[in-house]
Amino acid sequence: QVQLVESGGGLVQAGDSLRLSCIASGRDFSSNVMGWFRQAPGKEREFVATINWNGRSTGFADSVKGRFTISRDKDKNTLYLQMNSLKPEDTAVYYCAAARAQYYTGTPNYAGTYDYWGQGTQVTVSS
C-alpha cells in the first residue's frame, strides 16, 4: 500500500523555523511531482509548495515565497519542507502529496493533480 507519512510539525513562536518531512513507502516517487498543502480550521485546503520529478523546478504560494523551501531526497523517497520566519497565519495541518504521473516537469498548485496524500502534521505558530 502506498503511504505518505509526514513528521516534523510542532508548536513554535513567530519567527522560528521548522522542517517537515514526508516519507513515502509502497511506491518509488522519484519520477513523480510532489507537493505540500495545508489546511487551517474553518478554511479550505490550500497549496503551499511543489517540486517536479527531477527537483529542478519548484513552485510556491505567494504567502510563503521567500520563507519556505521544498526539496526531495530520491534515494530516501522523502520530501521536505523547510519553513523559516514562521507566522501565526502559517498555523495549519500540513499535508504531503504525490501524483501518479511520471516525469511531469510542471509545478502544479491544484490539489486535484495529486493522487496520494498523507494524514498531515500539525504546525502551530504562536504570536
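In this predicted model, the charged end of Arg45 sits over the ring of Trp117, 4.0 Å from the centre of that ring. Trp117 also belongs to a cluster, in which ring pairs link it with Phe37, Phe47 and Tyr114. A second contact between a charge and a ring involves Arg19, whose charged end sits over the ring of Tyr80, 4.0 Å from its centre.

From these rings one can turn to the aromatic pairs, of which a search of the whole structure finds six. One of them joins Phe37 and Tyr114 in an edge-to-face arrangement, with 5.3 Å from centre to centre and 75° between the planes. Because Phe37 lies in strand β4 while Tyr114 lies in the loop between β9 and β10 (116–117), this pair ties together parts that are 77 residues apart in sequence. Phe37 and Tyr114 are both buried. Trp53 and Tyr103 form another edge-to-face pair, with 5.0 Å between the centres and 75° between the planes. This pair, too, links distant parts of the chain, since Trp53 is in the loop between β5 and β6 (58–60) and Tyr103 is in the loop between β9 and β10, 50 residues apart. Trp53 is partly exposed, its relative accessible area being 24%.

Terms used
Residues are numbered from 1 along each chain as its sequence is written. This is a predicted model: local features need pLDDT of at least 70, side-chain atom pairs count only at pLDDT 80 or more; totals for chains, interfaces and linings use all residues. Side-chain values use heavy atoms; hydrogens and water are left out. Rings of Phe, Tyr and Trp (its six-membered ring) pair if their centres lie within 6.5 Å; planes under 30 degrees apart count as stacked, over 60 as edge-to-face and the rest as tilted. Helices (H or I, at least four residues) and strands (E, at least two) are DSSP runs, numbered from the N terminus. Buried means under 20% relative accessible area, exposed over 50%, partly exposed in between (1.4 Å probe, protein chains only). A charge sits over a ring if NZ of Lys or CZ of Arg is within 6 Å of the ring centre and within 35 degrees of the ring normal.
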